Amino acid sequence: MNIILVEFIIYCVIIVAVGYFFGRRSKTQSDFLLGGKKVPGWVLAFSERATGESAWLLLGYTGFVFMTGLSGIWVAAGIASGIIFSWLFLAKKFMRETDKYQVLTLPDYLAVRFGEKAKVIRWLSGVLIAGFLMFYVGAQMAGAGKLLLTTFGMPEIGGVIIATVVIILTTFAGGFISVAWTDMVQSVMMLVTLVGLPILALIYINTNDLSITESLVSAGPTFDSWFGGVTGFAIGVLFFNNFSWFFGFLGGQPQLSSRFMALKNDKEANHGSVVAIVWTFLAYGGAFTIGLAAIAMYNQGSFDDVEIILPTMILQLMPPWIAGILLAGVLAAIITTANSQLLVVTSSVTEDIIHKALGIKLTDKQLVWLSRLSIALFGIVGMVIALVSESLVYLIVGWAWAGVGCTLSPAILMTFFWKRYSGVGVIATILAGLISTILWISTPLEEMMTSRFTTFFIAAFFGIVFSLLFPDKKAKEKVDIEAAEKVL
């Protein structure tokens with residue numbers, strides 16, 4: 001155990017050092033929030049994937065597959081489809097729109113595109129992002145507590161505090177550039193864990209004459225069914241509940257979209273697409289296999305908290321020095337997502353609300369320091385959320401995914417591809433998504449149909465209706481001119 005502890009300490013020191021080294025390049029607010037278009041595409045791809053797949057993937061998803069069996073594949077299918085779609089069809093669009101409108105954040109882009117309602121859009125999107133993502137950050141810190149509790153028997157509060165310190169230091173040092181390069185290191189660590197562990201688990205299963213197929217049958221009546229043993233309409237409900245993660249990848253997650261916005265050119269975007277897609281197949285294939293292997297290795301009900309299955313398997317199957325490396329991969333997932341989300345929350349408050357919406361004039365140096373102070377403050381808030389929350393990592397992340405990703409995704413898609421989308425439509429989209437998510441997760445409706453699915457379509461519906469009812473003046477004038485020309 002001492003070997004694992006030493007490796008953990010070395011890993012944390014290396015990450016902070018990498019963050020500090022690259023952080024020295026952050027001189028302006030543009031550097032701090034978007035890297036100044038200086039980060040290579042392949043690094044951004046590793047960063048985007050590590051940011052998107054947090055403690056949720058290594059702790060939450062593996063536990064979910066352990067509890068559900070084969071039907072858990074549809075979560076991976078939905079997420080993989082969303083990742084591939086976003087890199088192939090949205091990444092270059094984000095890059096070009098960022099260059100065209102000279103913006104630094106997702107709310108900034110929506111505000112600039114719909115200038116008549118810019119201030120309201122900044123306030124609403126800023127509050128939406130800061131509110132939901134703070135719970136997402138808290139979920140990562142709670143994941144760190146579970147990891148260190150399982151590994152060292154450390155009190156969960158101690159693990160949360162240690163993770164908070166490392167997360168704040170890596171983000172505080174240099175903003176986006178620091179986060180992107182530390183993400184790259186951590187993304188590789190995650191991949192080592194997700195590819196290496198299932199291989200060793202399968203060897204263990206074969207050596208001990210265990211069978212995944214037989215274990216699925218004995219685990220329960222639904223575990224060996226790709227559709228969870230349901231039929232008819234229930235198949236559709238199960239499919240959409242699990243596949244619904246897809247809708248959050250359509251441009252609405254600011255911590256992911258910022259990587260697209262930071263791309264320098266088409267060549268870098270192409271490099272990033274290849275890296276991201278290959279990473280996704282390896283990581284999700286590994287995580288799904290880990291969950292199935294756990295069903296063969298452990299009886300249902302063996303764990304009070306199924307989200308500690310992966311670190312338990314690592315400690316059981318690995319010699320200490322390898323276990324330390326793989327467990328560092330879990331810690332990597334936690335840190336890389338939390339620091340990216342801290343940066344997004346900070347940018348929403350400092351750039352979108354304080355600097356733009358309130359119109360407070362600050363120099364670049366002052367803005368950078370304001371951002372750093374905000375990181376420290378919001379990091380502490382996330383720590384408090386982690387310490388007082390009893391919800392599972394999987395559930396908290398799912399709610400944040402609906403509240404932010406599935407609310408802003410329709411807004412981004414309609415901004416990109418529908419000319420009649422209006423400023424009032426954007427406001428309606430955000431309000432509808434925010435209100436419907438809160439109401440949905442507060443009632444039994446969430447158990448019937450996930451808010452990740454319903455939020456997207458409710459937000460899109462209201463966005464379309466209000467855009468048609470209240471078109472922007474310039475857009476309306478353009479439509480009238482085109483109609484007159486047709487008549488002539």
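Colleague: Take contacts in the chain between residues at least 6 apart in sequence. What share of them join residues at least 24 apart?

Modeller: The share is 86%. Keep in mind that this is a predicted model.

Colleague: How many helices and how many strands does the secondary structure come to?

Modeller: The chain has 20 helices and 0 strands.

Colleague: What share of the residues count as buried?

Modeller: Of 488 residues, 60% count as buried. The chain exposes about 19100 Å². Carbon and sulfur atoms supply 70% of that area.

Colleague: Before I read details, what is the confidence of the chain?

Modeller: Start with the average, then go element by element. The mean pLDDT is 82, and 86% of the residues score at least 70. Confidence is highest in helix α12, residues 266–297, at a mean of 94. It is lowest in helix α20, residues 473–487, at 53.

Colleague: Where does pLDDT stay under 50?

Modeller: Over residues 481–485. For that stretch the model has 0 contacts beyond four places in sequence.

Colleague: Now a helix pair. How do the axes of α17 and α19 cross?

Modeller: Look at distance, then angle, then hand. Helix α19 covers residues 451–469. Its axis and that of α17 come within 7 Å and cross at roughly 150 degrees. Angles over 145 degrees count as roughly antiparallel, so α17 is roughly antiparallel to α19. The crossing is right-handed.

Colleague: Which residues make the contact?

Modeller: On α17, they include Gly425, Ala428, Thr429, Ala432 and Trp440. On α19, they include Ile458, Ala459, Phe462, Gly463 and Phe466.

Colleague: Let me pick Thr429. Where is its place?

Modeller: Threonine 429 sits in helix α17, residues 423–441.

Colleague: Is threonine 429 buried or exposed?

Modeller: Compare its relative accessibility with the cut-off. Buried means under 20%. Threonine 429 is at 0%, so it counts as buried.

Colleague: What does threonine 429 touch, leaving out residues up to four places away in sequence?

Modeller: Thr407, Pro410, Ala411, Met414, Tyr421, Ala459 and Gly463. Two of these names, Ala459 and Gly463, belong to the α19 side of the helix contact.

Colleague: And threonine 415: where is its place, and is it buried or exposed?

Modeller: Threonine 415 lies in helix α16, residues 393–417. Its relative accessible area is 3%, so it is buried.

Colleague: Which residues does threonine 415 touch, with the sequence neighbours up to four places away left out?

Modeller: Tyr109, Leu110, Arg113, Phe114 and Tyr421. Tyr421 is also among the residues that threonine 429 touches.

Methods. Residues numbered from 1 in each chain as written. Predicted model: local features only at pLDDT ≥ 70, side-chain atom pairs only at ≥ 80, totals over all residues. Heavy atoms only, no water. Helix = DSSP H or I, 4+ residues; strand = E, 2+ residues; numbered from the N terminus. Buried < 20%, exposed > 50% of the residue type's maximum accessible area, 1.4 Å probe, protein only. Contact = heavy atoms within 4.5 Å. pLDDT = per-residue confidence, 0-100. Areas by Shrake-Rupley, 256 points an atom, 1.4 Å probe, with all protein chains shown as cover. Axes fitted to C-alpha atoms, helices over the stretch in contact; angles between N-to-C directions. Parallel < 35°, antiparallel > 145°, perpendicular 65-115°, else oblique. Left-handed = near helix turned anticlockwise from the far one by under 90°.
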